[in-house]
Amino acid sequence: MLKGVKLRLYPKPAQQMQLTQLFGNDRFVWNQLLAMMNQRYENNPALPRLNNYQLDRLLPCLKREYPFLKESDSSSLQVVTKNLNQAWQNFFKVPAQFGKPRFHSRRFLRQSYTGKSTCQIIAKRYLKLPKLGYVKTSKTGQITAGKIKRYTISHEPTGRYYLALQIEVSDAQPLPKTNQAVGLDMGLTHLAISSDGIKYATLNAKWLQTQIERWQRKTSRQRYQATVAVRQWNHDQRHFVQLELADYQNWQRSRQIKARYQAKLANQRKDWLHQLTIRLVRQYDVIVIEDLKVKNLQKNHHLARSMANAGWGRFRAMLTYKCDWYGKQLITVSPSYTSQQCSHCGFQSGAKPLAVREWTCVKCGRHHDRDINAAINILQAGLASRPELKATGLERALVK
Ligand SMILES: [Zn+2]
């Protein structure tokens, strides 16, 4: 099993310079090889496509021609050729979905490279990375468990450096069984509503959102002003030096502040989801959720915003791997009719507008909370779809 760990890196100024070079080397190799492949295709489209091995064979030639490539971890250049080959193949297989591989720009906000060499843990919070040497990091304690398969060093728009590791861990560690099942309805006012009647709240990040909006406005205004100033300066014949947009420091600075607020909000959302999913996985053996097509729902403009906030897709992905990891079961059911049906007697009461939060069943007279009723329906549908669960006595526990 592969596990991802992300650490913060604190490179020294000299190492930061070196990293700029290493990011640039990977980009350089990508662009050189892509240009070559484009040219080759243009000359004769009938030529057989280069495979990974053939691309790797070109690397030593490139290194002889451009000696600065020797400063890179050579495994990272192999990752570049592999990605390029994959992108090229995807383009030929499904052009509508993937599009033509593009050249990488020095101005991309996020710079990164991936390598496959070994990273050693030297001491608490100190790693030895290929070519870079000793780098200070955050919490190395998470790494000791397994073998590091590949590493990615990145420089984010926030100005911070990160190290993402792919670690091979021997096997899953199942959590103790609780013999309980739960159905979850994904709400708009709440992140999730369980069939036990618990409503899990969405993250309240109003302050952060205001800050982000404020800095977005400010950044775009400053960017516009800088663009005008750069054009005027470059147009003026008296100046010998040409300016670039990046020379405007106040715009750069506020762009970084904006990025930091955005990153903070993203981290809070991720953490919120982690807390909820781990809680669910600890508490229940079987979790039933709706098989929502998030993409389809997002086309509905009113729902889109709160949905993107709640991060349903990510919630589901987290539940999937955590259930795998901890030996629990995740069932997905079709979302049709879950909010129309009475969970007590099964009466179909027809479609109701979203504004109706509570209703009473005409047939059996039971009063329902819309979301909890839907969650119970989801749970029942999920258990009905897996006859093997009946034997475990789960069903008896829930249908009261
Ligand atoms: Zn009823």
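Author: In this predicted model, Tyr134 belongs to strand 5, which runs over residues 133–137. With a relative accessible area of 46%, Tyr134 is partly exposed, and together with Ile122 and Tyr126 it makes a nonpolar surface patch of about 290 Å².

Along the principal axes, the C-alpha trace spans about 85 × 55 × 50 Å. Buried residues account for 36% of the 400 residues, while the accessible surface amounts to about 23600 Å², with 52% of it belonging to carbon and sulfur atoms. Of the contacts between residues at least 6 apart in sequence, 67% join residues that are at least 24 apart.

Helix 5, residues 206–235, has 30 residues and reaches 44 Å from its first C-alpha to its last, close to the 44 Å expected. Among its buried residues are Leu208, Gln211, Ile212, Trp215 and Thr219. An α-helix has 3.6 residues a turn, so residues three or four places apart point the same way. What covers the buried residues of helix 5 includes helix 6, residues 249–283.

Burial is also found in a loop: Ser195, between strand 9 and strand 10, has a relative accessible area of 12% and is therefore buried, the cut-off being under 20%. Leaving aside residues up to four places away in sequence, Ser195 touches Val182, Gly183, Ile372, Ala375, Ile376 and Leu379.

In one of them Glu156 pairs with Arg110, the closest N and O atoms being 3.3 Å apart. Glu156 lies in the loop between strand 6 and strand 7 and Arg110 in the loop between helix 4 and strand 2, so this pair ties together parts that are 46 residues apart in sequence. Glu156 is buried at a relative accessible area of 15%, whereas Arg110 is partly exposed at 44%.

Another salt bridge joins Lys328 to Asp285, with the closest N and O atoms 3.2 Å apart. Because Lys328 lies in the loop between helix 9 and strand 12 and Asp285 in the loop between helix 6 and strand 11, the pair ties together parts that are 43 residues apart in sequence. Both partners count as buried, Lys328 at 8% relative accessibility and Asp285 at 9%.

Asp291 and Arg316 form a salt bridge as well, their closest N and O atoms being 2.8 Å apart. Asp291 is in the loop between strand 11 and helix 7 and Arg316 is in helix 9, so parts that are 25 residues apart in sequence are tied together. Asp291 is partly exposed, at 26%, and Arg316 likewise counts as partly exposed, at 29%. Finally, Arg106, Arg107 and Glu244 are linked in a network of salt bridges.

Key:
Residues are numbered from 1 along each chain as its sequence is written. This is a predicted model: local features need pLDDT of at least 70, side-chain atom pairs count only at pLDDT 80 or more; totals for chains, interfaces and linings use all residues. Side-chain values use heavy atoms; hydrogens and water are left out. Patches are made of residues with over 30% relative accessible area and no salt bridge: like charges are joined within 9 Å, nonpolar side chains (Val, Leu, Ile, Met, Phe, Trp, Tyr) within 5 Å. Accessible areas come from the Shrake-Rupley method with a 1.4 Å probe; for residues, only the protein chains shown count as cover. A salt bridge is a side-chain nitrogen of Lys or Arg within 4 Å of a carboxyl oxygen of Asp or Glu. Helices (H or I, at least four residues) and strands (E, at least two) are DSSP runs, numbered from the N terminus. Buried means under 20% relative accessible area, exposed over 50%, partly exposed in between (1.4 Å probe, protein chains only). The expected span of a helix is 1.5 Å times one less than its number of residues. Contact means heavy atoms within 4.5 Å.
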